[in-house]
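Here is a friendly tour of one protein model, made for someone new to reading structures. Please have a look at the picture first, and then we will go through a few residues together.

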Amino acid sequence: MGAVPSTPRHTSTTTETAEYLIDTLVGVKSFPLASDFWQRLLELPLTLRWAPHRVRQACQLFAQNNRQTRHLAKILIHLSWCLQEVIRTSGAPSPVYVKAVNAVCISSVFLKYIIENSQSDNIEELGLSLHENEPVPKDFVIDQSIENLVMHYVLSFLGSIDVSPTTSLLHQELLNFVLVAMSTQLLSGPSPGPKDVNPFIDAAMSQESLLVNLVVHRLLLNYITRPRVPSSTAASYSIFSEESQPGVLQRVGSAAANIVLLPFNYWVSSNVEGSKNQLADCSLHVLLILIHYHKCVVSDELITDRSDDSATSESVSKLNTYFTVNPYSEALGNARDIEFDRVDVEGNAQNGPVVRLPFASLFDTLGMCLADETAVLLLYSLVQGNSDFLEYVLVRTDLDTLLMPILETLYNASRRTSNQIYMLLIILLILSQDSSFSASIHKMILSGVPWYKEHLLHQTSLGSLMVIILIRTVQYNLSKLRDVYLHTTCLATLANMAPHIHRLSAYASQRLVSLFYMLSRKYNKLVELSNDKIQTKAISTGNNVVEDMSAELQIYTDFLRIVLEILNAILTYALPRNPEVVYAIMHRQEVFQPFKNHPRFTELLENIYNVLDFFNSRMDAQRLDGEWSVEKVLVFIINNCRSWRGEGMKMFTQLHFSYEQESHPEEFFIPYVWQLVLSRCGFSFNASAINLFPADLHANKQIYHEELNGELNEHRVQVDL
């Protein structure tokens, strides 16, 4: 392999010709752009089968010789030319369409192999330029950026050509190519720096805004419509038929480059969930990578470091770095509903065209797919970054479409990653910031919740279910994750909901009081441990343990106060509408007694005991034949709620918690997105080459579900007083 004649030889069989041409492609001889070698290569049916060791050798030889031959750059140029012609003919079937499919498959396989086996931080092995003395056609500018050229036509095809039975094959392969091209991010560290080299994704970021909008629109439309490729499309290529065995480039992909790229693998039946769709899922993967990319660049100005007063302004200087604007993130944030234009109402015209989407279909699709983490991340990106979509969600009358799968996923938290749990909780927090949301979910009655096993939930409001699940999540976190920010997010959401709670169910009310009891037990345990540590401080190795204990004690003091504020908000603003809450407090009033004189809780507990005194005194004054039953107590509370006027209640400023994204979210989202993509996109990556996140080098399939260390502290919950 590699020792081949300098000119193509004519063989008697297609197999011999195909093997010769692949050998030639990876060999030492460089073929100019205008050589008929490229046409013959791209017209192959690609039915040749190679043994794995030969495929590995092919990839190694290609990477070794590419610096001299620049065959990767040349095949990318031919791919661009093919796509240009396909776009010109609006994707109609033609010989150039087949060449485009072959070009993108070959490019993807060898491009990925070079990226994941690169020996240089600058990925010089890509050779994304032609030699100065390279003969080129007259209309080709030799010094143009090849990565910009190919990404322009790849994105142009994806954005401008509709997905149809005749074009879906090329759409899928181009999406695979974009994923491969952007995988240079895996070689960089988790914090983007000015020295990171991502030529293809940077080229994607440099495209004009109209093309960016088209791409975002098409990727989301693919996700919404979930188009499927007719089996007849795949069958038209012998390599793609279900009866055929993997062809040469499939071998290159699976055995040498560790990537499955050719369409055969996408069109065969599988046992994945019915909601899975390769084209839709791949579109979402590409979109998530694009919208969360942040390029760090160095400013022309120098920032003087004056931390050392003895240093002169000239002696110590630091480069000023900043992140460029992400046009894909902006396009998603500015997307508008195709059926309603808020601009027409408010008169605030947008600068230039915006992405128009069917929000109704997007809402329904997300509701169907929220069991998958990538869908959760898309929903987060929309409600956090697109005010129009958030407003659309809040006015929907069927919020259960989104909330039920979210709550079910939180219910099964033990089988989910901590990242997924946290993203779902942030979504709920964002929604709870709107008072109409909190009011409307308590008016929506669920006939049953079959997946909730601990208690029969019959005719329960959606709001009551949300309270139950949030409290259950806190309980799970106490025993398993022990994450402070998860606690904070759950309690913040409950606090936002509290003033608007309406007819909270008996079970939810009981769980709310039990939440205070759960946290109080943790608090008391910490007090005991803290006292023990202080007593033994003289013989301890240092003060750090005591300080950590004190900090954790302060955290749980704050948690208990928030729960008391939640109960206060219900009793102050919604007591007549929540007799079950009053009953639950009366039934477990002893849990509040130990904290009655606590300086942080005194004022809040005064209100609770004011309510208890009101109902207890009336209960004591009422003569009753026989003992008090649950039903009689509840009827008594309901009757006396009518005479409740709130005398003596101290009014506290309502807490309003809001989610605020960290100033540098890329350190969380870029690794997180790539972990999700690698676990779902159908190809793996050389684990030893990944610097973006800790990779499991011993994973059998090199599919990553690991959680990032410290990922949750990249988010903060802000409280507005």
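Let's begin with Arg600, which is partly exposed, as its relative accessible area is 30%. The model is a predicted one: local features need pLDDT of at least 70, side-chain atom pairs count only at pLDDT 80 or more, and totals for chains, interfaces and linings use all residues. Residues are numbered from 1 along each chain as its sequence is written, and side-chain values use heavy atoms, with hydrogens and water left out.

**Arg600 and its partner**
- Arg600 and Asp558 form a salt bridge, with their closest N and O atoms 3.2 Å apart; the term stands for a side-chain nitrogen of Lys or Arg within 4 Å of a carboxyl oxygen of Asp or Glu.
- Because Arg600 sits in the loop between α26 (579-587) and α27 (602-621) while Asp558 belongs to helix α25 (residues 544-574), the pair ties together parts that are 42 residues apart in sequence.
- Helices (H or I, at least four residues) and strands (E, at least two) are DSSP runs, numbered from the N terminus.
- Asp558 is partly exposed, with a relative accessible area of 30%.

**Glu606 and Lys650**
- A salt bridge joins the side chains of Glu606 and Lys650, at 3.9 Å from N to O.
- Glu606 lies in helix α27 and Lys650 in the loop between α28 (630-641) and β7 (656-661), so this pair links parts that are 44 residues apart in sequence.
- Both partners are partly exposed: Glu606 has 43% relative accessibility, and Lys650 has a relative accessible area of 34%.

**Arg67 and its network**
- Salt bridges with shared partners connect Arg67, Glu124 and Glu125 into one network.
- In the pair of Arg67 and Glu125, the closest N and O atoms of the salt bridge are 3.9 Å apart.
- Arg67 is in helix α3 (residues 52-69) and Glu125 in the loop between α5 (95-116) and α6 (146-160), so the pair ties together parts 58 residues apart in sequence.
- Arg67 is partly exposed at 41% relative accessible area, whereas Glu125 is buried at 9%.
- How many salt bridges does a search of the whole structure find? The search finds 20.

**A buried serine**
- Ser438 is found in helix α21 (residues 435-441).
- Ser438 has a relative accessible area of 0%, so this residue counts as buried.
- Leaving aside neighbours within four places in sequence, Ser438 is in contact (heavy atoms within 4.5 Å) with Ser432, Asn496, Met497 and His500.

Methods
Buried < 20%, exposed > 50% of the residue type's maximum accessible area, 1.4 Å probe, protein only.
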